[in-house]
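Let's take a walk through this one together, a piece at a time. Have the model open and follow along.

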Amino acid sequence: MRISAPSCLCPFLVCLCFIQRCYGASHHLPAKVPSFRNGTKLANGETEVHHRPKRGWIWNQFFVLEEHLGTEAQYVGKLHSNSDKGDGSVRYILSGDGAGNIFVIDEVTGDISATKSLDRESKSHYVLHAQALDRNTEEALEPKSEFIIKVQDINDNAPTFPHGPVVATVPEMSELGTSVLQVTASDADDPTYGNSARIVYSVLQGQPYFSIDPKTGIIRTALSEMDREAREHYTVVIQAKDMAGQVGGLSGSTTINITLTDVNDNPPMFPQKNYQLYVPESAQVGKPVGKIKATDEDLGINADIKYSIINSEGANTFSISTERDTREGIISLKKPLNYERKKTYTLHIEGTNTHVDPRFSYLGSFKDTATLKITVGDVDEAPIFSIDHYIMDVYENSPSGTEVGAVMARDPDSRNSPVRYFLDSKEEGVRYFRIDKSSGLIRTTQSLDREDMAWHNITVMASEVDSPSLLSHVPVTVQVLDVNDNPPEIATDEEVIVCESSRPGQVIQTVTAVDKDDFANGQRFSFALPSQLPVNPNFTLKDNEGNQNSSASIIARRRRFNQQTQELYELPIVVWDGGEPSLSGTSTLTLRVCPCQRHGKVRMCQGEAFLSSAGLSTGALIAILLCIVILLAIVVLFITLRRSKKEPLIISEEDIRENVVTYDDEGGGEEDTEAFDIIALRNPAAAEEFKFRRDIRPEKRKHCVLPRSHRAAAVELDESDVHEFIRQRLVEADMDTSVPPYDSLQTYAYEGQGSPTGSVSPLDTPGTQSEQDYNYLDNWGPQFQKLAELYAEAESEVTA
């Protein structure tokens with residue numbers, strides 16, 4: 001089969017057609033497929049060869065132009081098989097991409113046509129399959145073969161940019177040719193065919209400030225040192241055109257918004273060189289009194305300014321700081337102002353950038369200065385005292401009205417108004433002092449006692465006569481000076497212990513004296529016994545004059561003292577101080593005689609001394625008592641538990657062992673119903689009626705008290721053979737299978753009979769009654785009266 005292309009529509013297509021017709025068959029498929037030889041082997045060994053030529057496709061690639069605008073179908077090419085003789089016996093069919101709806105074939109001629117306009121950007125080629133059939137038999141004359149129809153590109157797509165506008169920045173004062181941004185446009189046309197997708201960039205708007213590389217799309221600065229302060233924002237329009245920028249090419253554009261970023265290329269500047277400021281002299285130290293501001297055309301940190309006072313006159317009295325938000329210089333007061341002393345101040349203020357870019361140092365120093373003249377305003381001020389704190393003194397016991405001292409205040413203003421003084425009434429010191437309103441002289445209002453209060457603190461206030469609302473305060477401390485007005489006395493009031501074994505000349509105790517007055521009035525003391533009293537035969541006193549502690553020693557004058565003869569002694573002592581005038585006082589000491597151990601240690605003197613001699617403190621005694629109480633509580637608890645605890649007669653069945661059970665009960669009276677019952681020893685016959693399990697605790701029941709007439713019979717039964725009874729019980733215990741599996745020893749204590757008084761135990765009363773007459777108990781006295789009443793009541797109940 002041969003494929004024919006349509007007549008060429010342009011020189012390029014003419015060339016393609018020529019190549020297709022001349023070389024297509026040899027380059028793609030063979031023009032003629034050689035025939036296969038089929039042979040039959042004969043009997044003589046020769047082979048008969050059958051010649052049948054194999055038909056093949058003669059075809060090539062097809063091309064079709066995109067975006068066909070004609071009303072008729074666009075002719076693509078022609079299919080032809082070498083089996084086609086032109087008689088219409090061959091039918092051509094087409095299958096594959098777009099077969100039937102886009103591409104149709106004439107079944108007789110093999111002409112292929114495109115019925116729709118094609119877009120290469122949507123689909124660049126179509127793969128189809130052609131086949132030749134026998135029209136009569138519908139048999140395939142040729143095998144199905146594949147071929148391609150390529151969509152020929154035309155320049156139908158303009159270059160496009162990404163979504164805009166685009167924002168870009170570049171520092172101001174940048175050098176010529178500084179790169180700003182690279183833009184890239186895209187073209188949907190075929191880049192391998194012609195110039196349809198070959199793009200060239202150009203600047204439509206933004207010259208002469210910016211330029212663009214026509215091939216790479218890099219935008220650069222076209223001017224050097226562009227100033228942001230002159231112009232900050234630029235709008236640049238970039239065009240991208242295909243066909244290498246030739247006439248007829250398609251184009252697209254985008255907008256670039258370029259902003260110049262700030263650099264520190266402008267120094268701070270004060271709007272004016274001279275400023276004036278009024279500050280009243282009453283301005284508070286540390287508070288702002290004014291502000292000043294320098295301007296900087298830069299932005300952000302490039303406009304940060306640091307202010308400073310560069311002359312000493314202003315720097316000593318004022319300070320300046322920078323307010324971060326407003327970039328203002330805040331002027332504050334460092335020292336108080338005084339209009340009367342200095343009325344004006346001159347400040348030289350400098351503003352400097354804190355972030356200087358060394359690249360622009362050639363532009364000059366990035367700082368500026370201004371002069372600020374401050375005028376101090378006169379203000380009516382409160383009076384000023386001559387000193388900040390007054391300290392005065394006055395002797396104690398001075399009469400009321402004694403002068404203490406004087407304060408002085410003046411009006412600091414130029415008019416020098418008179419000053420009035422008074423005390424702060426809120427303080428306690430106004431009870432003891434008063435002040436003269438005009439002179440400021442302070443006097444006492446009552447006699448002062450140093451021993452009661454040695455210091456007094458008061459506050460004096462001063463105000464101007466013309467402006468009484470302006471007050472000033474000053475603290476005044478008054479010290480009360482001491483005079484010798486208190487006699488000395490012995491320092492201790494405790495008893496002095498005298499050992500019975502004291503010897504003559506032995507020091508009993510050393511005493512000292514105290515004085516309420518201060519050291520300047522008699523801390524040197526003298527001691528002596530009263531001269532008007534007779535000589536003390538028992539004790540004497542020695543003044544230790546050379547001792548700095550001013551003490552005296554009590555010395556025994558005789559040998560041995562006896563507590564039994566005399567326990568207490570009194571010793572009066574006279575003490576003189578060293579003040580002017582000298583004062584004396586008499587103190588009487590009590591001396592107690594006590595037995596002592598060796599080395600003078602007191603062994604025991606009184607009730608309190610007994611515990612003290614043991615060397616025990618109060619805390620130790622409390623601890624010992626607490627331990628004793630705890631031990632007593634434990635003993636009581638133990639006894640209580642022992643009484644309440646009941647030992648079981650039966651041990652657990654799992655506890656298999658030999659056990660000896662001992663009953664040693666004496667009986668608890670008539671109310672004891674749980675004791676071991678030995679009735680069986682006295683009345684075996686009656687015991688049979690009350691026999692119960694020995695390994696089970698019996699229930700409580702009331703004993704039946706028999707009438708007196710039945711008691712004689714019970715006595716007769718006591719003559720029964722006890723040994724026979726015990727033997728029977730032993731046999732029963734051995735034969736009883738319900739008892740626990742261990743030996744049991746049962747002991748029966750039989751007292752027998754024959755006592756004329758009988759037994760007082762109630763254990764033998766359930767079965768019998770005693771014939772004893774208890775009326776004789778009434779004759780035994782009041783001690784047995786209660787017992788006689790109890791037995792009388794029991795007999796009355798039985799008879800009833």
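In what order do the four strands of the open sheet come? The order is β4-β10-β9-β6, and the pairing is mixed. (Strands here are DSSP runs of E with at least two residues, helices are runs of H or I with at least four, both numbered from the N terminus; two strands pair if DSSP finds at least two bridges between them.) β4 (62-65) and β6 (90-96) stand at the edges with a single partner strand each, so one side of each has no neighbour in the sheet. From one strand to the next, the twist averages 30 degrees, with axes fitted as lines to C-alpha atoms and angles running from 0 to 180 degrees between N-to-C directions. Look at β6 and you'll find that it pairs with β9 (residues 125-134) in the antiparallel sense, over seven bridges. Leu94 stands opposite Ala130 in β9.

A word on what you're looking at: this is a predicted model, where local features need pLDDT of at least 70 and side-chain atom pairs count only at pLDDT 80 or more, while totals for chains, interfaces and linings use all residues. Residues are numbered from 1 along each chain as its sequence is written, and side-chain values use heavy atoms, with hydrogens and water left out.

Now for the sulfurs. A search of the whole structure turns up one disulfide, meaning a pair of cysteine sulfur atoms within 2.5 Å. Cys499 and Cys596 form it, with their sulfur atoms 2.1 Å apart. Cys499 sits in strand β35 (residues 496-499) and Cys596 in the loop between β41 (584-594) and α3 (607-613), so the pair ties together parts that are 97 residues apart in sequence. The torsion about their S-S bond is about -85 degrees, so this disulfide is left-handed. Both Cys499 and Cys596 are buried (under 20% relative accessible area; exposed is over 50%, partly exposed in between, with a 1.4 Å probe and protein chains only). Cys627, at 46%, is partly exposed.

On to the rings. The whole structure holds twelve aromatic pairs: rings of Phe, Tyr and Trp (its six-membered ring) with centres within 6.5 Å, called stacked when the planes are under 30 degrees apart, edge-to-face when over 60, and tilted otherwise. One of them is the tilted pair of Tyr209 and Tyr234, 5.0 Å centre to centre with 55 degrees between the planes. Tyr209 is partly exposed at 26%, whereas Tyr234 is buried at 6%. Together with Phe210, Tyr209 and Tyr234 form one aromatic cluster.
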